Protein chains: 2
Amino acid sequence: MNRIINDPDHVVEDAIQGYLKAHPEYFAATDNARVLKYPAAPIAGKVGIVTGGGSGHEPAFLGYIGKNMLDAVAIGEIFSSPTAGAFLDAFKAADSGAGVACLYGNYAGDNMNVKMAMKKAAAAGIAVKTVVANDDVASAPANEIEKRRGVAGEILMWKIGAAAAAQGYDLDGVIGAAQKAIDNCRSIGVGLSSCTIPAVGKPNFHIADGKMEIGIGHHGEPGIEVSPIQSASAMASTMLDFVLNDMPLGKGQEVALLISGLGATPVMELYIYYAEIEKRLTERGVKVHRRYVGNYFTSLEMMGVTLTLMKLDTQLKTLLDMPAHSLGLTQVE
Amino acid sequence: MNRIINDPDHVVEDAIQGYLKAHPEYFAATDNARVLKYPAAPIAGKVGIVTGGGSGHEPAFLGYIGKNMLDAVAIGEIFSSPTAGAFLDAFKAADSGAGVACLYGNYAGDNMNVKMAMKKAAAAGIAVKTVVANDDVASAPANEIEKRRGVAGEILMWKIGAAAAAQGYDLDGVIGAAQKAIDNCRSIGVGLSSCTIPAVGKPNFHIADGKMEIGIGHHGEPGIEVSPIQSASAMASTMLDFVLNDMPLGKGQEVALLISGLGATPVMELYIYYAEIEKRLTERGVKVHRRYVGNYFTSLEMMGVTLTLMKLDTQLKTLLDMPAHSLGLTQVE
């Protein structure tokens, strides 16, 4: 394991120190070492936007703290949920009195800890409502959508929810917009190689050379199928079929398209893949209104790619197009 | 080799199609399939800023085309120089009549092809002057500085040269600013793993598990020393010593600090490393005026990190701080 770390059991703390030192424009410390906030948070009158999740997915989650983006993030160990205490302290860091929208992904640990934190927040007089992202079509069939995991679609959910809050939506309005965003999102990932958690020191799953795993999760959760590796073209067809079978897109439909590398896939390959996806969408008469291509939601040094499509309407387009500044996503127009 | 490609001999062309489709705000095609330009280029009255280099270093080189950034880029095969014809066509795409500053890295192929392109440009009435980046302290001793390679310091050279051009500097002024930028830059890299060129299909060099190679080049050029892997802290000391022995920094000196991953190193590790570097600079009384941490100049899926320091004066600070927009570097303040 060739890594740039000090103590393998201390990588999250050490990285947080780096983020704080490097980007005072985005990050301020709080009393909880596992909670970072936007320096201006809580912003008077604005609904606070909070998320939380395991580390190792950088720039997710903390990299989406910013202007018209997240107000506070609860930070977990690598690939592990933050504690209930961290979620609670993130709520406190984000709440200006207008309430908090906690927009997070559907994982057992996060569900449990958010629920506990919400009880304590209610006792402290902080109104918290949630949206639970479940955009990964590979993680459960369509009739068990509540079992699906949240993956890269979370980024679009945060962008929409945060823009709604910045535009002055109240808590129910923010929750409604974020829920619509994730309801309109579908994602699927393909893994080409594994990754190693520093404190474990060896890969926690295995993908053989020449193989790919369709539907793999962000922590190596088993996918739908292991197959011989396909060309970018065939991979694009396979992945797009999974998404469109679950969420058909009619001619003239506009979408946001998010293609994220899982960490080690060279950026040029993400663009080879992008061209294949856009071609197929165009052939179907679907228009890509806005696209994001890069390492938006990673899994340490895994190779692979995730595809996320969000169906747009006028409201979602307006919110998506709002300028935003953060480490992971900056949009000037 | 688990990759997201179609034809291994066609990855550069396929990726260019993706870039063009995904980012019409940054990229326009030219008559030369291996030259991309900023859509607004050539910009009337402005000195054109051109670079070129091999592919596989994304977002370098083409990702630095943008507003107040590069006007045109000549694109080579993976890890290979662009042709003289591509450099010439990039000059043509960037020249508004105010001349072209070709700011590129010190590699034999690039030197030869730029020289040939300049002869043809002169015949076509285009004034071209060059700055040749040589920021890699590991690639030759201080008394043979003209043999040193250009590495991630090129990004700071482009930023400075492009800002000077955007501020209305004439060709000699732009060249002077870019030359000062690279003269004030020193870089060193550490490699932790190799990478595989798709058309080759196997790694072209090897780094053993548990080892690191200090001073490795962006194409696996041999470094100064192979050693057992060090902690982030020790690695920071080792690398900073190489830089500071070559370019001493006095107390009160302000610097720009660029830390780039080589592709597969998780972003959280770059921040662990950042904290170690900043701590050591602060202890010496050196102030980090602006920092860049991320995958700015990669080598496919290599693991490792490069450290670049640029010594600042008033002119360089003003130019560095100018807003800029590109895929690889966006700066709003």
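A cavity, in the sense used for these views, is a set of grid points where a 1.4 Å probe fits but cannot get out. The legends below all describe a predicted model.

**View 1. The second largest cavity lies among residues of chain B.** This cavity has a volume of about 60 Å³, and its lining is made up of D136(B), V151(B), S187(B), I188(B), G189(B), V190(B), I216(B), G217(B), H218(B), L262(B) and T306(B). Strand β8 of chain B, which covers residues 185-191, gives the most to this lining, with 4 residues. Sorted by type, the lining residues of the second largest cavity comprise 5 nonpolar, 5 polar and 1 charged.

**View 2. The largest cavity has residues of chain A and chain B closest to its centre.** A search of the whole structure finds 7 cavities of 30 Å³ or more, and the largest of them holds about 90 Å³ of space. It is lined by 13 residues, of which G263(A), T298(A), L300(A), P266(B) and V267(B) are the closest to its centre. The lining of the largest cavity divides into 5 nonpolar, 7 polar and 1 charged residues.

**View 3. L300(A) and N68(A) each have a positive phi although neither is a glycine.** Most residues other than glycine have a negative phi. L300(A), with a positive phi of about 50°, is found in the loop of chain A between β12 (287-294) and β13 (304-311). For N68(A) the positive phi is about 60°, and this residue sits in the loop between β4 and β5 (72-78) of chain A.

**View 4. Helix α1 of chain A packs against helix α7 of chain B.** The two helices, residues 11-22 of chain A and residues 267-283 of chain B, pack at an angle of about 65° with their axes 7 Å apart, and their crossing is left-handed. From α1(A) the residues in contact include V11(A), V12(A), D14(A) and Y19(A), while those from α7(B) include V267(B), M268(B), Y271(B) and K279(B). The residues of this helix contact divide into 11 nonpolar, 2 polar and 4 charged.

**View 5. Chain A and chain B meet in a contact that takes 60 residues from each chain.** The size of an interface is often given as the accessible area lost when the parts come together. Between chain A and chain B the buried area is about 4,500 Å², of which carbon and sulfur atoms give 62%. On the side of chain A, N2(A), I4(A) and M268(A) supply 20% of the area that this chain buries against chain B, which is more than any other three residues.

**View 6. The second largest pocket has residues of chain A and chain B closest to its centre.** This pocket has a volume of about 930 Å³. Of the 31 residues that line the second largest pocket, the closest to its centre are S193(A), E301(A), S193(B), E301(B) and M303(B). By type, its lining divides into 15 nonpolar, 10 polar and 6 charged residues.

**View 7. A cis peptide bond joins A60(A) to F61(A), and another joins E58(B) to P59(B).** Most peptide bonds are trans. In chain A, omega for the bond between A60(A) and F61(A) is about 0°, and F61(A) has its place in the loop between β3 (48-55) and β4 (66-67) of that chain. In chain B, omega for the bond between E58(B) and P59(B) is about 10°, and P59(B) lies in the loop between β3 (48-55) and β4 (66-67) of chain B.

Methods. Residues are numbered from 1 along each chain as its sequence is written. Chains are lettered from A and ligands numbered from 1 in the order in which they are written. This is a predicted model: local features need pLDDT of at least 70, side-chain atom pairs count only at pLDDT 80 or more; totals for chains, interfaces and linings use all residues. Side-chain values use heavy atoms; hydrogens and water are left out. Axes are lines fitted to C-alpha atoms, for helices over the stretch in contact, and angles run from 0 to 180 degrees between N-to-C directions. A crossing is left-handed if the near helix is turned anticlockwise from the far one by less than a right angle, and right-handed if clockwise. Contact means heavy atoms within 4.5 Å. Ala, Val, Leu, Ile, Met, Phe, Trp, Tyr, Cys and Pro count as nonpolar, Asp, Glu, Lys and Arg as charged, and the others, Gly among them, as polar. On a 1 Å grid over the protein atoms alone, a cavity is a set of points where a 1.4 Å probe fits but cannot get out, and a pocket is an open set with protein on both sides within 12 Å along at least five of seven lines; lining residues have an atom within 4 Å of a point. Grid points are joined across faces, edges and corners, and a volume is the space filled by probe spheres set on the points. Buried area is the accessible area (1.4 Å probe) that two parts lose on being put together, summed over both.
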